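Student: I'm new to this one and would like to go through it with you. Could you put it up on the screen?

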Amino acid sequence: MPCSNNVLHYIMLKGKKILYCITGSIAAAKAPIVARELIRSGADVHCVLTNSAQKFTTAYSLSILTGHEAITDIFSSSSNTTWHVHLARSADAMLIGPCSAATLGKLRSGIYDNPVLLLASSLPESTPLVIAPAMDEEMWLQPAVQENIAWLKSKGVQFIEPVKGALASGLTGFGRMPEPDEVVKKFEALLKAPAPRAAKPRPLPLGGKRILITAGPTYEPIDAVRFIGNRSSGKMGAALAAEASLVFGADVTLIMGPSAVATPSSVHRIDVETADQMRDAVLAQLPGHDILIMNAAVSDFRPTDPSKAKIKKSQQPNWKLDLAPTRDILKDVMASRKPKQHIIGFALEGGDDATSYAKGKLEEKGLDMIVLNRFDQKGSGFSSDTNRMTIFTKSGLQKEVPLASKTECARIILSLIAEID
Ligand code: CTP
């Protein structure tokens, strides 16, 4: 029973709707006492339990204590399958305690396959989430568990640290959930401290911008089954699209040549095959966009007379192909660009003249920025997961980027684009 000092501590919880979630740990046996302490502090408590939690405590006792039916199933209400969205949006804070190592891992990985995780996934960013982990010391010290906690903290999740004491294994060590009145006292103190999740989100660097990105190779048909292409994997363009959408907050359209690389569902993807199809898609999409990043490795040549059938060896014992240049998409874009649209190109070059070729293309194609990739250096160019780049801008900036992941390269390029006015 809390002393009068504790009653003062609990003033923050008065009249607040608290989602109290319980996962599988022996400490779940303390859940009814935690719930009782929350209620005693004036909170309106709604409990949600995983299957494992129910091995240690019962939904029945928590329902009786709180006056609300404890939720134990994702499909808890047959008439309202989005119960988690409504419950999460109406809450003032969420407490998961005890929180198992598995729950920490799933929260970090975005695996929302039980009612507690589903509810956490629906919690608005401005609603505090507090976690009280409980597990045996060996588990607590696992690098994966500690990494998951660090990652969740970086996202603004707050923690009630476990304490040293008797553990379920019979051993004494670190990993024990504090006593229920301590949990509630710490929960209240964390709600009082300004939670980073509750902080006003900073405007995203490219929020509100519409970015058109081209990526991958193009394939130019020779006959029904053969083509001329190049070794571009689409990884750099896919990284640009993912980062622009997920990290920089832009609305992204990706025009992708043949590539097996996946892109996030937030990216509007248009798949094309040939340089002509890519050109048509770019010219159709460009008017609705503020920025074009022309990352695709567009084939410079196409067979002039592709066959609709598959050519037999006997038909062409010594086959010579006639090739014609494809249209330069960037040149066509320049003819129709609006004054406020920013255009960024890429240049794939090698040898001693790489820099002067790239600078030449920046000028010739009237670009705002060009990214030079070298095909003759280890760890850069097609298919690799890394890149080395030199970035040149119209205003004279030259930035060397040493070997970095394509995701990191994408961030650097997008940060510079965000600075163009
Ligand atoms: N590009 C384009 N249309 C083409 C070929 C290239 O828009 N038919 C774009 C690329 O997407 C890239 C830039 O032009 O942003 C430079 O491409 P690159 O292949 O390096 O140079 P090219 O202009 O094709 O010239 P060259 O191959 O002679 O170096």
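Student: Which strand does Phe 301 lie in?

Tutor: Before we start, this is a predicted model, where local features need pLDDT of at least 70, side-chain atom pairs count only at pLDDT 80 or more, and totals for chains, interfaces and linings use all residues. Residues are numbered from 1 along each chain as its sequence is written, and side-chain values use heavy atoms, with hydrogens and water left out. Helices (H or I, at least four residues) and strands (E, at least two) are DSSP runs numbered from the N terminus. Counting that way, residues 301-303 make up the strand holding Phe 301, and that is strand 14.

Student: Is Phe 301 buried or exposed, or partly exposed?

Tutor: Buried means under 20% relative accessible area, exposed over 50%, and partly exposed in between (1.4 Å probe, protein chains only). Phe 301 has 46% relative accessibility, so the label is partly exposed.

Student: Which residues make the nonpolar surface patch, and what is its area?

Tutor: Patches use residues with over 30% relative accessible area and no salt bridge; like charges are joined within 9 Å, and nonpolar side chains (Val, Leu, Ile, Met, Phe, Trp, Tyr) within 5 Å. Accessible areas come from the Shrake-Rupley method with a 1.4 Å probe, and for residues only the protein chains shown count as cover. Here the members are Phe 301, Trp 319, Leu 321 and Leu 323, and the patch comes to about 370 Å².

Student: Let's turn to the ligand. Which residues come nearest?

Tutor: A residue is near a molecule or strand if one of its heavy atoms lies within 4 Å of it. There are 16 residues around the ligand, and the ones that come nearest are Met 294, Ala 296, Phe 346, Lys 361 and Lys 365.

Student: Which strand gives the most to the shell around the ligand?

Tutor: Helix 12 (329-336) and strand 16 (342-349) each supply at least two residues of that shell. With five residues, the top contributor is strand 16.

Student: How many residues of the shell around the ligand are charged?

Tutor: Asp, Glu, Lys and Arg count as charged; Ala, Val, Leu, Ile, Met, Phe, Trp, Tyr, Cys and Pro as nonpolar; and the others, Gly among them, as polar. The shell has eight nonpolar and two polar residues, and the charged ones number six.

Student: How far is the polar side-chain atom of Asp 300 from an oxygen atom of the ligand?

Tutor: A polar contact is a pair of N or O atoms within 3.5 Å; within protein, one must be able to donate a hydrogen and the other to accept it, and residues adjacent in sequence count only if both atoms are side-chain atoms. Thr 326 has a side-chain N or O atom 3.4 Å from a nitrogen atom of the ligand, and a polar backbone atom of Leu 348 is 3.3 Å from a ligand oxygen. For Asp 300 the distance is 2.9 Å.

Student: What share of the ligand's accessible area does the protein cover?

Tutor: On its own, the ligand has 570 Å² of accessible area.

Student: Which side chain does Ser 122 join in a polar contact?

Tutor: Ser 122 sits in the loop between helix 6 (115-121) and strand 4 (129-133). Its relative accessible area is 16%, so Ser 122 is buried. The contact spans 2.8 Å, and the partner is His 84.

Student: How many residues apart in sequence are the parts that Lys 30 and Glu 179 tie together?

Tutor: A salt bridge is a side-chain nitrogen of Lys or Arg within 4 Å of a carboxyl oxygen of Asp or Glu, and Lys 30 and Glu 179 form one at 3.5 Å, N to O. Lys 30 is in the loop between strand 1 (17-22) and helix 2 (31-40), and Glu 179 in the loop between strand 7 (172-176) and helix 9 (180-192), so the separation is 149 residues.

Student: Which peptide bond is cis?

Tutor: Most peptide bonds are trans. Pro 98 is in strand 3 (residues 93-99). With omega near 0°, the cis bond runs from Gly 97 to Pro 98.
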